[in-house]
Amino acid sequence: MKSSIQFKKFDPFPKIENIENAEDTYDLIDRLLSLGSDPVYIFFDIDETLLMRDTCLVHGYRKTSQLLDRLKENLIESNNKRTDHIIDNLKYEMEKMYYCSDLQLVDPLLARLIRGLKLKGHFVFGLTSNSATSEHSINVMETLSKYKLRFSVPEVRGELPNSGALVMQHVTVNGIIFADNNQIQLRDKGEIMVEFVELCLKSKLKAKEEEKKEQMCILVDNTEKKCLKAMTSFMNLKRKFLLDMKVIQYTQAEAAIDAGLFTSQFHKIIDRMLVNGVIDDKMADELGNRKILDDVMLHPLK
């Protein structure tokens, strides 16, 4: 007798209705400036959401991931025993190029958008997975200051007791949260947002500034995986307050990639690997396969 019980395959990131897509800044503006009059807590990721490097090959970009996957498949099919070593070196060179590139705003309109959201009474903060003491973060703060991008002043500051994330009141940038604060285990953005917002609401209730009611939180991030993870953790958390959450995947930075620049930067990396003796001429030609590059640019995976 066959069992009537059916087992479903576990999906760590189920389809979630509260995740929206904003392919450009105008789309993002429409979504955020249409919020109602009730104050909303809005958290902006930093890297490739507010700021981007002057390079096309970025970890987290779909085109970069697709390119690496295609190259790895080709190496495996040709029975190359150094596949992992070659791919690891490609990633290393990409990261090196990334941190040597200049920082700039993804779109000049973002500074105005954040100012407009604050003027409407919303609370706007930066939320990054990085550490406050890294050289990259120091450069980020200088760049945000340069473009006069200022977040809200945080009501709660210092190390958050549960996640260990660090809430900083920067002298010019104001409120920014660093997920990496030398903890044993990093918490994702969904958990950090809930903890921070609940601490803010708790302080307001003590001050009798407002009654207990549902509070909306929004995360704006460029990476699909991080958006899904944040939303999933939010749904699974036990919350002390009535919170609702929405996530917007904002992909303006990747959408602006130039195909010619993407190809030329990748060939520069191949040339460096050749000079460093990581690959030979034959492998350089194989990795620089124009057909793969063109396919990635013209037919990116959705």
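Glutamate 48 lies in the loop between strand 2 and strand 3 (51-53). Helices (H or I, at least four residues) and strands (E, at least two) are DSSP runs, numbered from the N terminus. Glutamate 48 is not a glycine, yet its phi is positive, at about 65 degrees. Because its relative accessibility is 6%, glutamate 48 counts as buried. Buried means under 20% relative accessible area, exposed means over 50%, and partly exposed is in between (1.4 Å probe, protein chains only).

This is a predicted model: local features need pLDDT of at least 70, side-chain atom pairs count only at pLDDT 80 or more, and totals for chains, interfaces and linings use all residues. Residues are numbered from 1 along each chain as its sequence is written, and side-chain values use heavy atoms, with hydrogens and water left out.

Most residues other than glycine have a negative phi, and most peptide bonds are trans. Lysine 148 has a positive phi, near 55 degrees, and is a residue other than glycine. Lysine 148 sits in the loop between helix 5 (135-146) and strand 6. Is lysine 148 buried or exposed? Lysine 148 counts as exposed, because its relative accessibility is 56%.

**The whole protein**

The protein has 11 helices and 10 strands. Its C-alpha atoms fill a box of roughly 70 × 70 × 40 Å, taken along the principal axes. Of the 302 residues, 48% count as buried. The accessible surface comes to about 16,900 Å², and 50% of that belongs to carbon and sulfur atoms. These areas come from the Shrake-Rupley method with a 1.4 Å probe; for residues, only the protein chains shown count as cover.

Contacts with a separation of 6 or more were also counted: residues 24 or more positions apart account for 78% of them. Contact means heavy atoms within 4.5 Å.

The protein carries 43 positive and 46 negative charges, and their mean positions are 4 Å apart. Lys and Arg count as positive and Asp and Glu as negative; His and the chain ends are not counted. Each charge is placed at NZ of Lys, CZ of Arg, CG of Asp or CD of Glu.

An open sheet of 8 strands has the order 1-10-9-2-5-8-7-6, with mixed pairing. Two strands pair if DSSP finds at least two bridges between them. Which strands form the edges? Strand 1 (19-22) and strand 6 (158-159) do, and each pairs on one side only.

Strand 10 (residues 243-250) and strand 9 (residues 215-221) are parallel, with 7 bridges between them. Strand 10 also runs parallel to strand 1, joined by 4 bridges. Strand 9 pairs with strand 2 in the parallel sense, again through bridges, 4 of them.

The table gives some of the bridge partners.

| Residue | Partner | Strand of the partner |
|---|---|---|
| Glutamate 20 | Isoleucine 248 | Strand 10 |
| Valine 220 | Isoleucine 248 | Strand 10 |
| Leucine 219 | Valine 247 | Strand 10 |
| Phenylalanine 43 | Leucine 219 | Strand 9 |

Isoleucine 218 stands opposite lysine 246 in strand 10. In a regular strand the side chains alternate between the two faces of the sheet.

Helix 1 (residues 25-33) lies across strand 1, strand 2 (41-44), strand 9 and strand 10. Helix 1 runs at about 135 degrees to strand 1. Axes are lines fitted to C-alpha atoms, for helices over the stretch in contact, and angles run from 0 to 180 degrees between N-to-C directions.

**Two buried residues**

Leucine 287 belongs to helix 10 (residues 281-287). Leucine 287 counts as buried because its relative accessibility is 2%. Which residues does leucine 287 touch, not counting those up to four places away in sequence? They are Leu71, Leu75, Ile86, Leu90, Phe266, Ile270 and Ile279. Arginine 70 is 217 residues from leucine 287 along the chain, and their C-alpha atoms are separated by 9.9 Å.

Serine 163 lies in the loop between strand 6 and strand 7 (166-170). Serine 163 counts as buried because its relative accessibility is 5%. Residues up to four places away in sequence aside, serine 163 touches Gln183, Arg187, Ile192 and Glu195. Serine 163 and phenylalanine 123 are 40 residues apart in sequence, and their C-alpha atoms are 20 Å apart in space.
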